[in-house]
Amino acid sequence: MTDALPSDPVLRVMPMPGDINANDHIFGGWVLAQMDIAGGITAHREAKGPVATVAIDAMEFIEPILLHDVISVYATLVHRGRTSMRIKIEVIASRDLASRHVKVTEALFTFVAIDGVTKRPRPLP
């Protein structure tokens, strides 16, 4: 497993058969969506309101995600600006009935706090 992860994942989910690509791995877009959901939860809590994903940096697929894996998505705030924040997101797969844990991907997401009415950036609280 990886170092310095929070004790609890923001999201834990198991991919379904419809999420498999032609190589019998899970679609990269599926895992990216799970990461965006977990990052959005973390960003929303930090911003105390609506946020929007504006960038994904340094996305790296380290290992494939397999059909029977249970993935845990960890999100850690690494930078806070005036209206935006950067959140490091890591995905760990539990394999072989949770006897092995494998880091499968990570990325750095940037979220911006947005005003609920104007949909424009707003200062973080």
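This is a short tour of selected residues in a predicted model.

Residues are numbered from 1 along each chain as its sequence is written. In this predicted model, local features need pLDDT of at least 70 and side-chain atom pairs count only at pLDDT 80 or more, while totals for chains, interfaces and linings use all residues; side-chain values use heavy atoms, leaving out hydrogens and water.

**Stop one: Ile-87**

Select Ile-87. You are in strand S4, residues 84-95. Strands (E, at least two residues) are DSSP runs, numbered from the N terminus. Ile-87 is buried, with a relative accessible area of 0%. Buried means under 20% relative accessible area, exposed means over 50%, and partly exposed is in between (1.4 Å probe, protein chains only).

Thr-76 and Ile-87 are 11 residues apart in sequence, and their C-alpha atoms are 5.4 Å apart in space. Beyond neighbours within four places in sequence, the contacts of Ile-87 include Gly-39, Ala-75, Leu-108 and Phe-109. Contact means heavy atoms within 4.5 Å.

**Stop two: the aromatic pair**

The structure holds 1 aromatic pair. Phe-109 and Phe-111 form that pair, stacked, at 6.1 Å centre to centre with 15 degrees between the planes. Rings of Phe, Tyr and Trp (its six-membered ring) pair if their centres lie within 6.5 Å; planes under 30 degrees apart count as stacked, over 60 as edge-to-face, and the rest as tilted. Both Phe-109 and Phe-111 are buried.

**Stop three: Thr-105**

Select Thr-105 in strand S5, residues 100-113. Thr-105 is buried, at 1% relative accessibility.

**Stop four: the charged side chains**

Side chains of opposite charge can pair when their charged atoms come close. The whole structure has 6 salt bridges. A salt bridge is a side-chain nitrogen of Lys or Arg within 4 Å of a carboxyl oxygen of Asp or Glu.

Select Lys-103 and Glu-90. Their closest N and O atoms are 2.8 Å apart, in a salt bridge. Lys-103 is in strand S5 and Glu-90 in strand S4, so the pair ties together parts 13 residues apart in sequence. Glu-90 is buried, at 5%.

Glu-106 is buried, at 18% relative accessibility. Glu-90, Lys-103 and Glu-106 are linked in a network of salt bridges.

Finish at Asp-96 and Arg-100. Their side chains meet in a salt bridge, 2.8 Å from N to O. Arg-100 is partly exposed, at 41%.

Notes: Helix = DSSP H or I, 4+ residues; strand = E, 2+ residues; numbered from the N terminus.
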